[in-house]
Amino acid sequence: MEVVVVDDGSRDRTAEAAAAKGARVLRLPFNVGIGGAVQTGYRYAYEHGFDLALRVDGDGQHDPSQFDLLARPVLAGHADIAVGSRFIGRKGYRSSRSRRQAIRVLAWTVTLLVGGRVTDPTSGFQVTNRRAIALFAAYYPHDYPEVEATVLAAKAGLRRAEVPVEMRERSAGRSSIGAVRSVYYMVKVMLAVFVAAFRSPPEMPA
């Protein structure tokens, strides 16, 4: 297993600390945002022939020890993408009440658009196989990507599974979505997913 850390123009010692622990560090020259950073990771995975990729956010919410659990539906051939959901029958940190309500609205909307149950459309805790890696290396939304990427993957014919996981409370950094931006976020994401739903399906890379 190769550990890859994408340093999205951070101003602390992220790159040095990760490299000292043996990780491959991809340093972006300036902050490009979550979508660009995630796509950088998928691009690296695609170009280096990865068959499987585990995505973990950098704020401490995701527990890498649950990789085995999360990878099972992908390794079994039942899904191209497995998403860790904090809302399927497990305990653990679930964010604030207002954020949970917003996630429910997004989940309901995306469920209608993709035709399959989605409970945690904003989760970045994911395992992807080679087909999904190829898609996300070529196409990935840049602003608030997880919700739109769910629609994108469905239109590309990729199979998605949700796996119950326990998440932790954020231990580092701060969310890019504050109270003031939450309304803007909801409006922008809802527009983005509807636009994505009516676009032509993306062409799957070879």
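# A guided tour of the predicted model

Helices H2 and H5 are oblique to each other, the word for angles that are not under 35 degrees (roughly parallel), over 145 (roughly antiparallel) or 65 to 115 (roughly perpendicular). This is a predicted model, in which local features need pLDDT of at least 70 and side-chain atom pairs count only at pLDDT 80 or more, while totals for chains, interfaces and linings use all residues. Residues are numbered from 1 along each chain as its sequence is written, and side-chain values use heavy atoms, with hydrogens and water left out.

**Stop 1: H2 and H5**

Select residues 34-47 for H2 and residues 130-138 for H5; their axes come within 8 Å and cross at roughly 125°. Axes here are lines fitted to C-alpha atoms, for helices over the stretch in contact, and angles run from 0 to 180 degrees between N-to-C directions. The crossing of H2 past H5 is left-handed, meaning that the near helix is turned anticlockwise from the far one by less than a right angle. On the H2 side, the contact is made by Gln 39, Tyr 42, Arg 43, Ala 45 and Tyr 46; on the H5 side, Phe 136 is one of the residues involved. Contact means heavy atoms within 4.5 Å.

**Stop 2: the whole chain**

Helices (H or I, at least four residues) and strands (E, at least two) are DSSP runs, numbered from the N terminus. From that terminus, the order of elements is β-α-β-α-β-α-β-α-β-α-α-β-α. Of the 206 residues, 43% count as buried, where buried means under 20% relative accessible area, exposed over 50%, and partly exposed in between (1.4 Å probe, protein chains only).

**Stop 3: Arg 55**

Select Arg 55 in strand E3, residues 52-55. Is Arg 55 buried or exposed? Arg 55 is buried, because its relative accessible area is 8%. Its side chain and that of Tyr 140 are joined by a polar contact of 3.2 Å, that is, a pair of N or O atoms within 3.5 Å; within protein, one must be able to donate a hydrogen and the other to accept it, and residues adjacent in sequence count only if both atoms are side-chain atoms. Not counting residues up to four places away in sequence, Arg 55 touches several others, including Ile 34, Val 38 and Tyr 42.

**Stop 4: helix H3**

Move to H3, residues 67-75, and colour its buried residues Leu 70, Ala 71, Pro 73 and Val 74. They lie on the same side of H3 because they cover an arc of only 150° around the axis, the arc being that of the directions from the helix axis to the C-beta atoms. The cover over these buried residues includes E3, E4 (81-85), E5 (126-129) and E6 (160-164). After H3 comes Gly 77, with a positive phi near 80°.

**Stop 5**

Select Tyr 139 in the loop between H5 and H6 (145-155). Tyr 139 counts as partly exposed because its relative accessibility is 33%. Its side chain reaches the backbone oxygen of Glu 203 at 3.2 Å. Leaving aside neighbours within four places in sequence, Tyr 139 is in contact with Gln 39, Leu 152, Pro 202 and Glu 203.

Finally, select Leu 191 in helix H7, residues 179-198. Leu 191 is exposed, with a relative accessible area of 57%.
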